[in-house]
Amino acid sequence: MKVLLVEDEKTLAYEVEAFLKKAFYICDLAHTARQGLEKIECNLYDFILLDLGLPDKDGLVLLEQAKKHNPDAAYIILTARGNIEDRIKGLDLGADDYLPKPFSLLELQSRMQAISRRKSGMNSQLIPLGEFNVDIQKRIVSHQENEIELTRKEFDLLSYMLLHKNRVLTRLQLSEHIWGSFVDDDYDSNYIDVHIKNIRKKLGAYGPVEWLETVRGVGYKIKKS
Amino acid sequence: MKLSTKLTLFVTLSKLAIVVFFILTLPYLVDIISATYTDNLLRQKRGKVLDVVAREGIESYLDGQPSYGSYTLLKDEYIALAPVETDLQLDTIETDERVLEGDTLSYRLLSHTFKTREGTFLLEIGRETATISQYNRPLQRFALIVLLSLIFVTLIIDLFFTHYLIKPLGEIIKEKLVNQQFPFAKNQAPIKTSTSDFRYLDSSLMLLMEQINEAFEKEREFTANASHELMTPISILQNKIENLMEHTEVSDLIQQRLSEMLRTLSRLKKIVNSLLLISRIENEQFAKADNVNIRALLGEVMEEISHRLEEQEIAFEMNFRHQFSFNNANHDLLFQLFYNLINNAIRYNKKSGSILIKDDYSKGVYSVYIKDTGIGIPEEELPFVFNRFKKANLSQAGGYGLGLSIVKSIANYHRIKLDVTSKVNEGTTFSVIFP
């Protein structure tokens with residue numbers, strides 16, 4: 001997967017790049033709209049991540065131009081502007097998603113994955129997880145022939161952890177993924193724990209769930225080779 | 001009392017005082033005038049008598065008699081000539097009493113001595129003073145009537161004139177103070193008046209409003225810019241920590257510390273985001289084009305938030321009896337408004353407490369009440385709950401702070417009124433009153 005990140009804030013760009021590389025993406029950087037356009041003209045990307053507040057050009061204008069050269073790429077707008085008009089305009093211009101800054105890198109990856117799934121069509125693929133199989137597309141968890149019923153939020157949690165397997169996810173990161181901007185300051189509240197407990201209970205009835213680990217004081221992680 | 005009434009009253013009273021003073025002094029004035037007039041008259045008569053004596057001799061009066069006396073039929077005037085000792089010299093006018101045929105009467109008397117061949121004579125000419133002052137009373141009454149009616153006429157003129165004069169002041173108060181809604185409209189028309197004081201007041205008020213607007217504008221601009229500028233470093237920090245956490249060599253302890261840092265950072269993010277949201281609402285950057293069914297909206301909010309009710313074991317009751325659609329609103333903002341209120345109701349509730357949401361439609365006003373059985377807000381803090389960064393019950397975790405500020409901004413933006421009543425340890429009721 002090839003990604004172009006157009007972001008004028010260099011420090012931020014390097015962090016995103018480091019993260020994406022670790023997630024096995026090939027990442028190109030551009031710090032101005034001009035640089036970005038040059039790269040878009042001679043390369044084909046799967047993802048183009050666009051900052052709207054570029055020094056030389058409005059990101060939305062760049063989006064329009066980039067679409068001509070790279071119509072198949074998935075476009076994600078990253079911006080600190082965050083007003084609704086920009087969002088609507090961006091999505092109207094053909095952006096696939098919109099992440100307001102500051103965003104979590106995990107969330108970014110999750111959105112990218114969701115877009116890839118959407119773009120790659122319906123050919124669903126089963127991800128093995130211990131004795132279980134997870135179909136992200138159809139949102140099904142199964143144990144041999146048995147489908148296990150999870151609530152929407154439980155499934156979201158499970159698939160998010162699965163996407164970021166072998167990585168500790170804090171309660172905050174998990175709740176932000178599920179409840180978005182409506183999360184409060186009181187993360188210590190245990191509603192994530194309640195959901196995790198339910199997942200363990202539901203899946204535990206069919207088979208061992210020791211792959212779902214609790215990291216004391218931090219959060220949870222799915223351990224998977 | 002109104003200024004015009006006061007002015008008119010003052011002017012009228014002072015006029016009345018002058019009139020009363022005039023009426024009271026009228027007899028003295030009349031006395032002085034008539035005395036002067038009578039004295040002149042007496043002197044003229046003395047001149048006439050002396051003329052006659054000089055031309056025709058004293059005998060023409062005395063006619064053989066030693067003295068002469070004559071009075072009019074009603075004794076209001078008399079004249080007397082009598083010989084006196086030679087060395088007496090008199091020329092006075094005074095008021096004195098004389099007895100004429102048994103009647104004692106008060107006269108204004110001119111006494112004058114003059115010499116002739118026949119000897120020195122005293123001429124006395126008298127005029128009854130009663131005839132002089134007898135017109136005082138009717139004069140007084142007449143003057144009173146005339147002056148009072150004059151006062152009445154001027155009173156009406158004064159009323160109209162002061163009303164006309166003061167009118168711009170009323171307009172200034174109405175247009176520039178009472179009818180003003182914050183933020184003030186720009187480039188307001190000055191009130192038309194030829195009174196320079198009012199023009200000055202008007203322009204001062206407009207200047208003041210402009211200054212307030214400017215200060216407010218600056219604050220809004222600052223909030224928007226600062227929030228925006230803060231987002232980038234927060235982004236960098238968050239992403240750096242996230243990347244750091246993924247390093248396999250990071251120990252559990254550091255992992256834990258890093259997650260705490262993320263948490264703190266997220267709090268910072270929330271604050272900045274809230275400030276940004278408030279400034280955007282205040283800058284009217286949200287479209288108000290939705291038609292929102294409040295009942296359905298609260299259903300959506302509850303769907304989002306109900307998991308927290310279960311967690312806190314809070315009994316929840318929603319009692320809606322009306323279908324109310326709020327036009328020209330922003331659905332997302334209203335969602336946020338109710339979300340924040342209900343979220344507070346949950347957060348500040350007691351374990352196994354309850355929340356009641358009900359609506360009411362009376363006198364054309366639709367309201368929604370959110371009632372909790374929480375810790376309540378002390379009475380002295382009630383006026384501040386919607387203020388930015390003010391926090392009820394500081395010992396509690398979290399804050400009413402920005403959550404309620406956002407509620408307030410959204411409410412203002414939609415011209416929704418908010419009301420809050422609370423009792424410590426019993427609970428709080430927020431009322432959302434739709435326009």
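Is Phe326(B) buried or exposed? At 7% relative accessibility, Phe326(B) counts as buried. Buried means under 20% relative accessible area, exposed over 50%, and partly exposed in between, with a 1.4 Å probe and protein chains only.

This is a predicted model, in which local features need pLDDT of at least 70, side-chain atom pairs count only at pLDDT 80 or more, and totals for chains, interfaces and linings use all residues. Residues are numbered from 1 along each chain as its sequence is written, chains are lettered from A and ligands numbered from 1 in the order in which they are written, and side-chain values use heavy atoms, without hydrogens and water.

Start with the rings. Rings of Phe, Tyr and Trp (its six-membered ring) pair if their centres lie within 6.5 Å; planes under 30 degrees apart count as stacked, over 60 as edge-to-face and the rest as tilted. That rule gives 12 aromatic pairs over all chains. Tyr61(B) and Tyr68(B) have ring centres 5.4 Å apart and planes at 55 degrees, so this pair is tilted. Tyr61(B) is buried, at 17% relative accessible area. Tyr68(B), at 25%, is partly exposed.

Phe326(B) pairs with Phe434(B), edge-to-face. Their centres are 5.0 Å apart, with 70 degrees between the planes. The pair links distant parts of the chain, 108 residues apart. Phe326(B) is in strand β8 (residues 325–329) of chain B, and Phe434(B) is in the segment after β12 (427–433). Helices (H or I, at least four residues) and strands (E, at least two) are DSSP runs, numbered from the N terminus. Phe434(B) is buried too, at 3% relative accessible area. Ring pairs also join Phe324(B), Phe326(B), Tyr361(B), Tyr366(B) and Phe434(B) into a cluster.

Now turn to the cores. A nonpolar core is a set of buried Ala, Val, Leu, Ile, Met, Phe, Trp, Tyr and Cys residues joined through side-chain atoms within 4.5 Å. The largest has 50 residues. Phe434(B) returns here: it is among the members that touch the most others, including Ile294(B), Phe338(B) and Ile357(B). Helix α8 (residues 331–347) of chain B gives the largest share, 10 residues. Domain 2 (196–282) and domain 3 (290–433) of chain B both contribute, so the core lies between them. Those bounds come from an automatic or database domain assignment.

A second, separate core has 49 residues, including Val3(A), Ile115(A), Leu157(A) and Leu212(A). In soluble globular proteins, nonpolar side chains tend to be buried together.
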